Amino acid sequence: MKKRFNDWKNERSKYFNSWTNKQKEDTFFDLDKSEDNSTNSMLINVPKKNIREIKRQNNKKRKKDSFKNKQNKLNYAIELVNVTKKYISGKNDVTNVLIDLNLSIEKGDFVILFGKSGSGKSTLLNIMSGLDRPTKGHVIVADTNLPYLSNKELTKFRRNNIGFIFQQYHLLNNISGYENVETGAILNKDKKNKNDIVSMFQEFDLLDVIDKYPSQMSGGQQQRISIMRALAKNADIIFADEPTGALDKKTSKIVMELLRKINVEQFKTIIMVSHDPDIVKYAKRKILLNKGKIILDERIAE
Ligand code: ADP
Ligand code: MG
């Protein structure tokens, strides 16, 4: 019994050391160095046995161990530790998409993920938001270590904690603007705190489309509706994948100003993907991804 306790203590302290000293050579997370140091984001040939293992890691909940109940450090919303993502791209081929990535995001931050197409931005966003699983590493969001959740639990986690804004809006086409926002409010776990939808339409300058269907709205209007839907859900963390990707400059500016406003006034943590350099100024922190690694991480002057 005593020995087991000591083993556990050892393991724990190793974990915390690796947590604070991320540069340290670290075999603790059982990373296959020879494989991970190979050419980034490229196809590599691996044995069948490894393919099976990667498939399992990518699709199934991780077996319970001492990290399952790991929570965020004080004031942090998201912490990634040694996150690796491999996709199976053929019978024996694997693509390394994220490579041993470490990242901590404070509550109330507004982060823009930049990088060339294929650098892993969407993959990273999907892993942080519980839409996808890492192959290895820890993804602790809202005090939950996500790889340890079952698919059903992940769905519940997203419903309770995460708001999404997509490039293609993803509105329901056969219901009105109001009702689309309402679908977010229905998911709001804290009913007392339900935002008043009509006043939101007023604030977003969209009263004239409140009863219209998405097909009767411009792209900018649809995107503002989808932001309202995310807000009505009252999630603390909002993820946005190229939310201005389909909008013109003027409309992008309106959308970015709104995101900035909800970040500052409602203290929402926002993580968004973009490749538009003009919108950096709306965020507080800029992270550049290249071939599955963070190559730049800096604060943006107010
Ligand atoms: P970005 O959003 O930066 O353009 P992605 O995260 O979408 O990049 O993709 C990164 C790399 O991962 C690309 O090489 C892409 O082809 C590959 N990839 C993404 N999703 C999958 C998948 N489901 N299966 C196999 N490869 C994928
Ligand atoms: Mg993408």
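Predicted model: local features only at pLDDT ≥ 70, side-chain atom pairs only at ≥ 80, totals over all residues.
Six strands make an open sheet, and if you walk across it the order is 7-8-9-4-10-11, with mixed pairing. Strand 7, residues 162-166, and strand 11, residues 293-299, sit at the edges with a single partner strand each, so one side of each has no neighbour in the sheet. On average, neighbouring strands are turned by 15° against each other, if you ignore direction.

Down at the strand 11 end, strand 10 (residues 285-290) pairs with strand 11 in the antiparallel sense, over 6 bridges. One pair to click on there: K286 has E298 in strand 11 as its bridge partner.

Helix 8 lies across strand 7 and strand 8, and runs at about 175° to strand 7. So what does helix 8 do with helix 9? Their axes come within 9 Å and cross at roughly 15°, which makes helix 8 roughly parallel to helix 9. The crossing is right-handed. On the helix 8 side you've got G219, G220, Q223, R224, I227 and L231, meeting T251, I254, V255, L258 and I262 from helix 9. By class, the residues of that contact split into 6 nonpolar, 4 polar and 1 charged.

Last stop, ligand 1. Which residues come nearest to ligand 1? Out of 13 around it, those are Y87, V97, K121, S122 and T123. Strand 3 and helix 4 are the elements giving two or more residues to that shell, and helix 4 gives the most, with 3. The shell counts 10 polar, 2 nonpolar and 1 charged residues.

Notes. Residues numbered from 1 in each chain as written. Chains lettered and ligands numbered in written order. Axes fitted to C-alpha atoms, helices over the stretch in contact; angles between N-to-C directions. Helix = DSSP H or I, 4+ residues; strand = E, 2+ residues; numbered from the N terminus. Parallel < 35°, antiparallel > 145°, perpendicular 65-115°, else oblique. Left-handed = near helix turned anticlockwise from the far one by under 90°. Contact = placed C-beta atoms within 7 Å. Nonpolar A, V, L, I, M, F, W, Y, C, P; charged D, E, K, R; others polar. Near = placed C-beta within 6 Å. Pairing = 2+ DSSP bridges.
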